[in-house]
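Visitor: I would like to learn how to read salt bridges in a protein model, and I would be glad of a worked case.

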Amino acid sequence: MQTTRWKDGKPRCAWANPANERYIRYHDEEWGVPVHDDRKLFEMLLLESFQAGLSWECVLNKRESFARAFDDFDPRAVSLYGADKMAALQGDPGIIRNRRKIEAAVNNAAIFLAIQREWGSFDRYLWHWTDGQVIVETGRDRSPLSDAISRDLKRRGMKFAGTVILYAYLQAVGVIHSHETGCFLYRGQETPIPQTQEGRQTP
């Protein structure tokens with residue numbers, strides 16, 4: 001990825017669309033910022049699963065509609081959706097009306113809650129993979145870290161949790177910081193991933 005200098009004089013990652021103010025704010029204020037709030041972690045997990053096969057900009061433009069449709073990203077509420085609610089979601093023009101992704105969102109909400117119960121919070125589960133450290137790396141769409149978390153989530157039964165989706169998720173919630181070296185938000189040298197073994201840490 002390359003960076004582009006914008007009208008305000010700030011160089012940004014080239015993927016941020018200068019014609020989309022929402023996208024600019026997302027790049028400047030959210031992407032790569034460490035998230036520790038479980039509700040926000042679930043929101044981004046749900047949105048990233050709907051991105052599969054589409055652009056992130058497409059999903060981001062529908063974010064408010066997703067929040068309305070999915071009870072403001074309350075995992076407990078989403079986990080209880082039945083057939084009627086899922087059918088209604090398939091007819092909602094404000095969101096991405098993909099039956100498999102809607103079903104996956106409900107399934108994944110239940111697993112998200114199970115991880116909360118096991119670890120005390122999803123935040124604790126997610127950040128244990130790097131011992132709480134932010135990994136700085138660029139130019140990738142998957143890594144041994146995303147491979148490992150993807151395997152674990154799939155083992156638990158999560159859908160649309162492949163390594164590429166998980167890598168984008170880790171970037172979105174700041175576990176991985178991927179702003180390009182020329183971007184005004186780039187934070188420094190690449191960070192080696194701690195040698196955390198799968199299952200080494202316990203809740």
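The dialogue below takes up salt bridges in this structure.

Guide: Please keep in mind that this is a predicted model.

Visitor: What is counted as a salt bridge, and to how many does the count come?

Guide: The general idea is a side-chain nitrogen of Lys or Arg within 4 Å of a carboxyl oxygen of Asp or Glu. By this rule the count here comes to 13 salt bridges. One of them joins Asp28 to Arg12, with the closest N and O atoms 2.8 Å apart.

Visitor: Which parts of the chain does the pair of Asp28 and Arg12 tie together?

Guide: Asp28 belongs to helix H1 (residues 21-29) and Arg12 to strand S2 (residues 11-13), so their contact ties together parts that are 16 residues apart in sequence. Arg12 is buried, at a relative accessible area of 2%, whereas Asp28 is partly exposed, at 22%.

Visitor: Where do Arg63 and Glu30 lie?

Guide: These two form a salt bridge whose closest N and O atoms are 2.8 Å apart. Arg63 is in helix H4 (residues 63-69), while Glu30 sits in the loop between H1 and helix H2 (38-51), so parts that are 33 residues apart in sequence are tied together. Arg63 is buried, with a relative accessible area of 13%, and Glu30 is partly exposed, with 21%.

Visitor: How many residues apart are Asp152 and Arg156 in helix H9?

Guide: They are 4 residues apart in helix H9 (residues 144-156), a separation of about one helical turn, and their side chains meet in a salt bridge at 2.9 Å, N to O. Asp152 counts as buried, at 9% relative accessibility, whereas Arg156 is partly exposed, at 23%. Finally, salt bridges with shared partners link Glu30, Lys40, Glu43 and Arg63 into one network.

Conventions
Residues are numbered from 1 along each chain as its sequence is written. This is a predicted model: local features need pLDDT of at least 70, side-chain atom pairs count only at pLDDT 80 or more; totals for chains, interfaces and linings use all residues. Side-chain values use heavy atoms; hydrogens and water are left out. Helices (H or I, at least four residues) and strands (E, at least two) are DSSP runs, numbered from the N terminus. Buried means under 20% relative accessible area, exposed over 50%, partly exposed in between (1.4 Å probe, protein chains only).
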